[in-house]
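This report describes a predicted two-part complex in terms of confidence, interfaces and local geometry. The sequence and the model come first.

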Amino acid sequence: MTLSLRPRVSKAPPGGTPGISTRRRVRTYPGERALRNTVIIIVAGSLLLLTAYPIGLAFVGSFHYWNPLNGAFDFVGLENYTTLLSSPDFWGSMIRTGFFSAVVIFFRVALGLAIAVAIFSQLTRGKAFFRTIFYMPTVTPLVAVAYVWQMMYNPQTGAINTFLGLDLNWLYDPQLALPSIMAMTIWKDFGYAVILFLAGLHSVPEDALEAASVDGAGAWQRFWRITFPLLAPMTVFVVITSIISYLQAFVQVLVLTKGGPGTATQLISYLIYDKAFVKYDFGYASAAAFVLLIVTALLTLISFRLSVGRKNSLEG
Amino acid sequence: MKLARAIGLIGAAALLLTGCGTGSSGGTVVDKAPSGLPVQGETLKYDPNKLVNGGKPIELEWWLWDGQDKFQAFADSYQKLHPNVTIKTVNQPWEAYWTKLPLQLQSKKGPALFNIHNSFDETLDPYLAPYDIEAKDLEADYSGAAGHVVDDKVKYVDFGMMTGLIWYNKAMWAEAGLTEQDTPKTWDEFRDVAEKLTKRDGETIKQAGFNFNSAYNSLGFLQYQKGYNVTSADAKTPAVDNPGTLENMQYFLDLYNKDKVGSKDFGPKAVDSFGQGQSAMIYEWGHLRGTLAKNYPGIDYGTFQTPIPDAGQTPYAFDRYNGESTPGINNGASEDQQAVAQDFMKFFLTDKTDMKNLVLNYSLAPAYKPLEGDAEISANPVVKAMGSLDRYIWPGPMPATFETSITKAWQDVIYNGVAPETAIAGAQTAIAADLAKTDFTSAEPTYAHYAPNPR
């Protein structure tokens with residue numbers, strides 16, 4: 001048997017007039033349809049099994065006292081949600097998570113954009129080198145980064161106090177602990193934004209910038225009036241992916257502070273982990289996870305709407 | 001048809017891949033039972049002159065979170081007797097261990113053997129197969145085994161006892177002009193010694209006389225010295241909110257805030273600060289000996305018993321102690337694996353040589369009675385400092401909420417400016433809420449000098 005790779009052209013529909021069919025002729029390869037269907041079934045099946053089913057189970061579980069270790073799965077109605085929403089611990093974690101996300105996203109976008117513009121500049125030589133340098137922390141495992149930063153933050157032996165001549169207890173001072181985690185996260189992640197903004201800068205039409213120059217626009221004006229608005233879709237993408245990512249920030253908290261001192265750095269994901277995998281109260285943890293899911297979805301929707309509104313106003 | 005073929009192909013590929021990963025286990029086959037090997041043990045005995053698993057190859061996983069080489073030594077000794085058996089120890093970090101193990105056991109996929117920490121007793125209990133050993137034999141050979149007997153069955157016992165001590169840097173001690181005679185017996189004397197060991201440059205501490213940062217969970221139990229149990233007379237209700245706890249907390253806060261012999265900002269982890277030669281004294285449990293040998297082998301240290309409030313008076317208890325548990329057998333493992341695991345545990349519990357090394361590694365008072373008079377163990381400075389356990393309380397397997405809630409309370413007081421009364425009351429509430437969902441009962445009433453309200 002020989003395998004033909006020549007495309008097969010489907011026939012015109014029965015009754016149709018040859019030559020004037022409004023339908024586009026579909027070209028397929030042998031086995032293409034089977035391959036497509038197989039891939040769809042595998043992807044859809046995986047999604048159902050690995051995503052939809054656990055989410056559904058967690059949703060149902062959030063209305064139960066659920067401890068998988070002793071098999072407890074007792075219906076408690078809205079008790080987990082009412083306990084959660086009346087808990088200062090939960091609200092403290094939510095507020096901290098919101099603050100953490102807002103600051104880290106701001107710096108990620110601002111630093112990412114500034115450095116991308118600097119690298120993109122025609123005055124900059126060794127662009128590949130800088131791209132690599134700034135992207136390197138992004139591909140380094142977060143756990144390893146967190147352990148190194150933990151050593152750097154040591155008040156007596158750490159590099160930060162030593163080089164800056166300071167005497168600060170970075171991870172144990174309640175005023176400094178969360179900003180210290182933020183700083184590490186920004187350092188780790190801003191390189192990702194640099195790469196995305198660099199890609200966006202390549203798509204900014206050169207002639208628009210040249211025309212603005214001819215009209216007497218300076219570098220700042222060209223950036224704010226032309227480059228930045230045209231980068232809006234990329235900015236929105238960075239912001240939305242960052243919202244989703246930072247509302248779930250966990251590893252850095254686990255390694256650096258375990259939520260302490262007290263609860264000074266307890267973000268919502270750490271609270272969920274503590275309830276689920278330390279105290280095995282899966283019902284409460286599921287309720288918290290669902291509240292987080294709703295908040296994440298709402299914030300993502302708002303960001304998306306704002307970007308669409310801005311796009312329409314620019315086009316209008 | 002094509003779709004079916006494609007699925008079939010993928011399925012076949014998956015089957016092939018699966019076959020490559022878990023095919024024939026290989027391994028050594030033993031045809032003949034060993035003979036003439038010595039039987040080991042005192043009351044409980046282990047006779048190796050037999051075939052295990054019919055001589056067929058079998059592999060067991062053994063999960064643990066620390067001391068891999070010491071535990072693997074038992075497995076290696078056993079495998080020499082029964083070469084058809086492979087016991088593979090798998091080390092997991094503490095947090096990952098307690099996240100993965102319970103869920104693996106629940107899904108019947110866990111390791112055949114796994115190490116136990118008794119603070120997770122209630123979590124693990126449903127998945128533990130009782131040892132196939134007479135409880136009276138274990139009680140005869142192991143101190144404290146009686147405390148683990150339920151319905152005449154034992155699921156694990158302690159192989160050693162551990163408690164808290166004061167650890168000091170010998171070089172700093174000598175440099176401060178201190179001798180053995182200066183070893184403090186009371187907390188007032190301790191304050192004076194800590195002062196002598198402190199070095200300052202103006203207001204800045206250069207060497208802490210005493211550092212208790214990150215050791216809060218253990219300090220919380222020193223309330224026993226003041227005559228307060230950790231649970232009420234019903235042995236179920238937590239009783240950490242009491243004047244004894246507050247007095248202790250105030251003493252340690254004063255060491256930092258008034259006496260300035262240490263600081264919350266100096267050496268955020270007492271153990272590391274001690275190992276790095278920045279802090280002269282710390283309070284820590286016996287396992288520190290292994291940690292220091294591994295991470296800070298250069299440090300020359302000594303130990304002494306935790307001071308008490310009043311000289312010449314015997315406290316209600318010096319401190320609590322805790323047992324280090326023998327491994328558990330997964331009741332969800334296959335029948336063959338469980339049978340081998342049962343045989344291995346008989347070997348483990350009678351293997352005096354490897355048990356001695358294990359006990360020495362953690363600086364434990366041995367629970368295995370044939371090791372009780374061992375000269376090398378008795379000469380261990382940590383065991384020596386601990387002395388008799390008669391005036392130490394074992395409160396039973398303590399749910400993790402005690403340690404996590406007490407730690408949070410201390411952190412809130414020290415770093416977040418929360419009033420001690422508020423923080424301790426918060427810990428009491430948190431522990432009570434967590435215990436309400438468990439069947440926890442304290443073993444405090446089994447203490448030889450127990451009093452429901454000792455104060």
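Domain bounds are taken from an automatic or database domain assignment. On that basis chain B is divided into domain 1 (39-157 + 326-350) and domain 2 (162-322 + 387-446). Residues are numbered from 1 along each chain as its sequence is written, and chains are lettered from A, with ligands numbered from 1, in the order in which they are written. The model is predicted, so that local features need pLDDT of at least 70 and side-chain atom pairs count only at pLDDT 80 or more, while totals for chains, interfaces and linings use all residues; side-chain values use heavy atoms, with hydrogens and water left out.

**Confidence**

The predictor gives the complex an ipTM of 0.74 and a pTM of 0.80. Per residue, confidence is expressed as pLDDT, from 0 to 100. Chain B averages a pLDDT of 90, and 94% of the residues score at least 70. In residues 1-25 of chain B the pLDDT is below 50, and this stretch has ten contacts in the model beyond near neighbours in sequence; contact means heavy atoms within 4.5 Å. Chain A averages a pLDDT of 89, with 90% of the residues at 70 or more. Within chain A, confidence is lowest in strand β1 (residues 8-9), at a mean of 52, and highest in helix α7 (residues 177-202), at 97. Helices (H or I, at least four residues) and strands (E, at least two) are DSSP runs, numbered from the N terminus. Residues 1-5 of chain A have pLDDT below 50, and this stretch has two contacts beyond near neighbours in sequence. Where pLDDT is low, the predicted coordinates should not be read in detail.

**Two interfaces**

A salt bridge is a side-chain nitrogen of Lys or Arg within 4 Å of a carboxyl oxygen of Asp or Glu.

| Parts | Residues in contact | Buried area | Carbon and sulfur share | Salt bridges |
|---|---|---|---|---|
| chain B and chain A | 31 of chain B, 30 of chain A | about 2600 Å² | 59% | two |
| domain 1 and domain 2 of chain B | seven of domain 1, ten of domain 2 | about 580 Å² | 48% | zero |

One salt bridge between the chains joins A:Lys258 and B:Glu95, with the closest N and O atoms 3.5 Å apart. On the side of chain B that touches chain A, α1 (2-21), α3 (94-106) and α16 (400-416) each supply at least two residues. Helix α3 of chain B gives the most, with six residues. By class, that side has 13 nonpolar, nine polar and nine charged residues. Here Ala, Val, Leu, Ile, Met, Phe, Trp, Tyr, Cys and Pro count as nonpolar, Asp, Glu, Lys and Arg as charged, and the others, Gly among them, as polar.

Over all chains the count comes to 17 salt bridges. The pair of A:Lys258 and B:Glu95 crosses between chains, from the loop between α11 and α12 of chain A to helix α3 of chain B.

Within chain B, the centres of domain 1 and domain 2, taken over C-alpha atoms, are separated by 33 Å. In domain 1, B:Asn118, B:Ser119 and B:Glu122 lose the most area to domain 2, together 68% of what that side buries. The side of domain 1 that touches domain 2 has one nonpolar, four polar and two charged residues.

**Local geometry in chain A**

Most residues other than glycine have a negative phi, and most peptide bonds are trans. The peptide bond from A:Gly260 to A:Pro261 is cis, with omega near 0°. A:Pro261 is placed in the loop between α11 (251-256) and α12 (268-278) of chain A. A:Tyr280, although not a glycine, has a positive phi of about 55°. A:Tyr280 lies in the loop between α12 and α13 (282-315) of chain A.

Note on methods: Buried area = accessible area lost by both parts, 1.4 Å probe. pLDDT = per-residue confidence, 0-100.
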